[in-house]
Amino acid sequence: MANAALSAPLHLVPDPIAYHAPQEAPLRLTRRGKFVLIAMPIFLASVGVLMILGLFLSPAKASADVPLGVEAVSVTVIEGDTLWGLAREFAPQLDPREAVRQITEINNLEGSVLFPGTEIYVPSAR
């Protein structure tokens with residue numbers, strides 16, 4: 001049994017100072033890789049700068065001016081009513097063409113057809 005201890009295999013640990021790891025090859029980029037590596041950060045930075053500039057330099061959406069309102073009355077459309085007839089009846093002081101334009105604008109009408117029972121706003125005489 002004494003011989004068994006002497007015959008055990010030896011595990012040698014290499015000297016860490018003398019051991020050199022294999023060197024990896026340097027990173028090599030293709031022309032496309034160099035373009036992506038350089039151009040992509042520049043592109044992203046410029047987009048960010050333009051977004052920030054746009055945020056601070058865009059014209060204000062709100063106006064300081066108080067819009068002039070139009071006095072209007074609510075009218076329920078009956079069979080046979082037309083924009084022209086309503087304009088002449090409720091806004092005689094205005095040119096009928098201007099009154100029709102205002103009625104169309106106030107009520108967001110896309111055409112000149114009025115349906116009975118619909119409630120619209122018509123500019124009134126002041």
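A search of the whole structure finds three salt bridges. A salt bridge here is a side-chain nitrogen of Lys or Arg within 4 Å of a carboxyl oxygen of Asp or Glu. Before we look at them, a word on the model itself. It is a predicted model, in which local features need pLDDT of at least 70 and side-chain atom pairs count only at pLDDT 80 or more, while totals for chains, interfaces and linings use all residues. Residues are numbered from 1 along each chain as its sequence is written, and side-chain values use heavy atoms, with hydrogens and water left out.

## The salt bridges

| Salt bridge | Closest N to O |
|---|---|
| Asp95 and Arg97 | 3.1 Å |
| Glu98 and Arg101 | 2.5 Å |

Glu98, Arg101 and Glu105 are linked in a network of salt bridges. Glu98 and Arg101 sit three residues apart in helix 4, about one turn of the helix. Glu105 and Arg101 are separated by about one helical turn because they are four residues apart in helix 4.

How open are these side chains? Residues are called buried under 20% relative accessible area, exposed over 50% and partly exposed in between (1.4 Å probe, protein chains only). Glu98, at 28%, is partly exposed, and so is Arg101, at 41%. Glu105 reaches 52% and is therefore exposed. In the other pair, Asp95 is partly exposed at 36%, whereas Arg97 is exposed at 59%.

## The overall fold

The protein chain has four helices and two strands, in the order α-α-β-α-α-β along the sequence. Helices (H or I, at least four residues) and strands (E, at least two) are DSSP runs, numbered from the N terminus.

How confident is the predictor? Its confidence in each residue is called pLDDT and runs from 0 to 100. The chain has a mean pLDDT of 81, with 75% of its residues at 70 or more. Where pLDDT is low, the predicted coordinates should not be read in detail.

## Inside the protein

Of the 126 residues in the chain, 13% count as buried. The largest nonpolar core has twelve residues, among them Val75, Leu86, Ile103 and Ile120. Helix 3 (83-90), helix 4 and strand 2 each give two or more residues to this core. Such a core is a set of buried Ala, Val, Leu, Ile, Met, Phe, Trp, Tyr and Cys residues joined through side-chain atoms within 4.5 Å.

Which residues does Val75 touch, not counting residues up to four places away in sequence? They are Leu86, Phe90, Thr118, Glu119, Ile120 and Val122. A contact means heavy atoms within 4.5 Å.

Gln102 belongs to helix 4 and has a relative accessible area of 14%, so it is buried. Leaving out residues up to four places away in sequence, Gln102 touches Val70, Leu94 and Pro123. Asn107 lies in the loop between helix 4 (96-106) and strand 2 (119-123), and counts as buried at 17%. With the sequence neighbours up to four places away set aside, Asn107 touches Ile120 and Tyr121.

## On the outside

The protein chain exposes about 11,300 Å², and carbon and sulfur atoms supply 65% of that area. Accessible areas come from the Shrake-Rupley method with a 1.4 Å probe; for residues, only the protein chains shown count as cover. Met40 lies in helix 2 and is partly exposed, at 41%.

Note on methods: pLDDT is the predictor's confidence in each residue, from 0 to 100.
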